[in-house]
Each structure stands twice: as C-alpha cells, then as structure tokens.
Amino acid sequence: MARIALALPLALEDRMAEDAVRHGHEVVARTVSALELASLVGPVSPDIVIAASEPRYLTDRVLASCDEAGVRLIALAADDAGRRHAATLGVFEAVDAASPWLEIERVIAGAGREPSPPQRRAERGSVIAVWGPAGSPGRTTIAIGIAAELAAMGHSVALADVDTHGASIAPALGMLDEAPGFAAACRLAGNDTLSQSELERISQRYESTLGGFWVLTGIGRPSRWPELSGERVAATIAQCRTWVDYTILDTSASLENDEEISSDLFAPRRNAAAVTAVREADSIVAVGSADPVGLSRFLRAHVDLIETASTNDVTVVMNRIRASAIGLNPHAQVTQTLSRFGGIESPVLVPHDQAGLDGAILSGRTLADSAPRSPARAAIRSMVSSRLVPEPPAQPRSLRSRFRLARATG
C-alpha cells in the first residue's frame, strides 16, 4: 500500500482517487494547484505524488519539494504538450492520463525496486572532466570534440552537461527541444533507481557515421541548480562508469566552496556539481583561451583546479591559438607564458578555426562531422589518441620472430 497525494483536474482526480483506494492505497491529499501541493508534500509525507502535467499542477517548486522529501513523482500527460512539459522539467515518469489504473500501478510497483544491474559492462569506465575558467574559453567545444573522437575510435561514450551556470551542449548539438537529462539522472540517483536502462531512456543520442554517443543535456534554467547536489552528481557519475567506456563531463567554471558565506552548512551549493565532477574524474582537461585576458584568467584559476582535483592527470589545452590576439609565433608565446608563470609544460595547442566552428554550430554537428579536415579537429583528435586513451600493452613477439631477429643480428 502506498500513501498518495493528488494534484489533478477534478474529473481526473475523482477517478484516480477511487481507483487508488480500490487497489488498497491511501489518498492522503487532494490539491488543486502546484503551490498547494508543494506546501503539503513535507507535512503530509506521501510515498507517491501523482500530478497532471500542466503548469497549474506541476512546476519546478513541486519537483524541489518532492526531491527534498524523497517522494516519487508521477506525471499524467493528457497530450503532447503535457509530455513536453514533463520532459522539460526532467520528469520522465510520465503516464498517459487516459491510461487505466493498472498502468499507474505498474509504475508504483516499480518505485521501490532496486536498480537493475548493468547489462553490458562490469569493469569501471573512465571519467574525463572538461573544465576552464570564466570567460567562455571553449569548454563545451572541447568536450564535444573529445566525445566525438572517442566515439570515432569505437568506444562507448556519454557526454554530460554538468554546468549549473550556462548549460550549452544541447543547443550546440542541435538538440533544441531539450529535456534536462542530467538533472533527471541525478533525481533518479537520489532515489537509488538510476540504472543503465534509465540512463538510456532519459538521454538523447547523437548519431554519426563516424560513431555516435549518448548525451545527458543540462538544466534549461540556471535557477534549477539545486537539483544537482554533490551527492547526486557523484552517484550519477558512479552509475555512468558501469554504462559506458568514457563519460565526458562539461563543467562550469567556478570551483569555489562557499561554506564560509552560508549560515546553513547543509544547504545546497551552486558549485557542488563542478567541484564533484572535478574530484570524481580520472583525468581532467583544463581549457584556456589563448589571448592575454584568457591566459591571465586561466593561470589564476588553475591553482584552484589543482587544489580541488583528486587526480594528477591534468591535460592543459590552450584554445583558439592565433597570431592576431597574441602576436608573432603564438605557439611559442603561449607555451613560454604557461611555463614561466604556471609551471605548465607541454600544453595542447588548438588552432583557431572560426569558419569550421561556425559551421559546426550552424549545422548542430560535431567538428569531426561538419569539418573533418579542420586544424582544430586535428589537434583535438591528436590529444585524445595520445593523452586520454591509454596505449594497449605491447604484444610479446613469438618465439619464431625472436629467433629470426637473433639470426639476423647474430
């Protein structure tokens, strides 16, 4: 038996309440608006909330109240607009409003289910966090490029938008009707119901002849950042490790820990998602913009990155290398500046290719698909193959090969 709270139009509410009681459940609240529902979730403590997928009954505030109380939310969508509204909020437990109660019963029965075990992988996948300071140095461009090149090499890849300040992967890949897949994954992880099948259901797929990859899009509005708490992000990353070979995390810039300015030490942190992503990553790609302002910002923020990260595997990428912004011989100037002021050696230098990048954004495709001969794409591909993918162990030569070598040198 489940304790159920309802937020539905009157006719639908009466039918659902009768069906719920008939099947042995208890209806503990019947509300007429999202505001009323959000205020009652805490005091009433239902097990399940069933809300109509309309702005009157289902809002960000309802989602936040359910998340805070650990309550499962089921949306009833009467039409395509309702389904889009639920998806936009990140509610993927959406049932057709005209469905019989048995359909809802199946969803309720699965609410306390243990997450299903991974079906493809048992080993631990790798996590790569792509970070960069404020000022749009090209984090998303590099993150998408890394995902595309890993997929082209035959690896299974998931690209996750963890940016709580300005998520941008979805529009960059032409996924304009975005639903916040990463937020939905965090919500399921918070309820211990995130599994491989759930990840594939809430993610979108970027298809390419070179190799496709999964995309967990970011939050549509920055005000939804509390959904990405540190604990949820860590749990989602852990589940992604069992799902794909490589998980690429596109993070926000700030790594500040703001406990000092908060009177509530248990309050959510705006930067928790980025900090957690950096700490959980096996390797980090640190992106800076190759101009005087970008270099200055990178060198100042790089110190915070090193203090926050739990790995020493940090690859520095200087993006948009061009003489017009840095002077003659820009490669040498950027390399010398990083070495002198940051102690950073052997950075990856990505040439500026405005035409190629504009074409990729215009078409909603990766640089590998839209401009395969781009010098920027070549630099990213070289970095992925030489620094991010471990070399396979050398195969021992056969006895016959060694014998022939001995004869040739003897």
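**Close-up 1. Lining of the second largest cavity in the predicted model.** The residues that line this cavity are T141, I142, N319, V350, P351, L357, L367, A376 and I380. At least two lining residues come from each of α6, β13 (348–351) and α17 (375–388). By class, the lining divides into seven nonpolar and two polar residues, with no charged residue. The space in this second largest cavity amounts to about 40 Å³. The count of cavities of 30 Å³ or more comes to two.

**Close-up 2. The largest cavity and its lining.** The volume of the largest cavity is about 150 Å³. Its lining has 14 residues, and L73, F92, E93, R187 and L188 are the ones that lie nearest the centre. Two or more lining residues are given by each of α3 (60–69), β4 (72–77) and α8. Helix α8 provides the largest share of this lining, with three residues. Sorted by class, the lining has seven nonpolar, two polar and five charged residues. Rolling a probe the size of a water molecule over the atoms shows where empty space is left.

**Close-up 3. Packing of helix α8 on helix α10.** Helix α8 covers residues 181–190 and helix α10 covers residues 230–241. The two helices pack at an angle of about 95°, and their axes are 8 Å apart. The pair α8 and α10 is therefore roughly perpendicular. On the α8 side the contact is made by F182, A185, C186, R187, A189 and G190. On the α10 side R232, V233, A235 and T236 take part. The contact of α8 with α10 has six nonpolar, two polar and two charged residues by class. R187 of α8 takes part in this contact and is also one of the residues that lie nearest the centre of the largest cavity.

**Close-up 4. The second largest pocket.** The volume of this pocket is about 470 Å³. The pocket is lined by 22 residues, and those that lie nearest its centre are G138, T140, T141, A172 and I361. At least two residues of the lining are supplied by each of α6 (139–152), β12 (314–321) and α15 (354–363). By class, the lining of the second largest pocket has seven nonpolar, 10 polar and five charged residues. T141 is among the residues nearest the centre of the second largest pocket, and T141 also lines the second largest cavity. Helix α6 supplies at least two residues to the lining of this pocket and at least two to that of the second largest cavity.

**Close-up 5. The open sheet of five strands.** The strand order is β2-β1-β3-β4-β5, and the pairing is parallel. The edges are held by β2 (26–31) and β5 (94–96), each with a single partner strand, so one side of each has no neighbour in the sheet. On average, neighbouring strands of this sheet are turned by 25° against each other, direction ignored. Three bridges pair β4 with β5 in the parallel sense. L76 has V95 in β5 as its bridge partner. Helix α1 (residues 10–22) packs on the sheet and touches β1 (3–7), β2 and β4. The direction of α1 makes about 170° with that of β2. Helix α2 (residues 34–44) also packs on the sheet, where it touches β1, β2 and β3 (48–52). The direction of α2 makes about 150° with that of β2.

**Close-up 6. The open sheet of eight strands.** The strands follow the order β8-β9-β7-β10-β6-β11-β12-β13, and the pairing is mixed. At the edges stand β8 (204–206) and β13, each with a single partner strand, so one side of each is left without a neighbour in the sheet. Neighbouring strands of this sheet are turned by 25° against each other on average, direction ignored. β12 and β13 run parallel and are joined by three bridges. V317 stands opposite V348 in β13. Helix α14 (residues 330–342) packs on the sheet and touches β12 and β13. The direction of α14 makes about 140° with that of β12. Strand β13 also supplies at least two residues to the lining of the second largest cavity.

Technical notes
Residues are numbered from 1 along each chain as its sequence is written. This is a predicted model: local features need pLDDT of at least 70, side-chain atom pairs count only at pLDDT 80 or more; totals for chains, interfaces and linings use all residues. Side-chain values use heavy atoms; hydrogens and water are left out. Axes are lines fitted to C-alpha atoms, for helices over the stretch in contact, and angles run from 0 to 180 degrees between N-to-C directions. Helices (H or I, at least four residues) and strands (E, at least two) are DSSP runs, numbered from the N terminus. Angles under 35 degrees count as roughly parallel, over 145 as roughly antiparallel, 65 to 115 as roughly perpendicular and the rest as oblique. Contact means heavy atoms within 4.5 Å. Ala, Val, Leu, Ile, Met, Phe, Trp, Tyr, Cys and Pro count as nonpolar, Asp, Glu, Lys and Arg as charged, and the others, Gly among them, as polar. On a 1 Å grid over the protein atoms alone, a cavity is a set of points where a 1.4 Å probe fits but cannot get out, and a pocket is an open set with protein on both sides within 12 Å along at least five of seven lines; lining residues have an atom within 4 Å of a point. Grid points are joined across faces, edges and corners, and a volume is the space filled by probe spheres set on the points. Two strands pair if DSSP finds at least two bridges between them.
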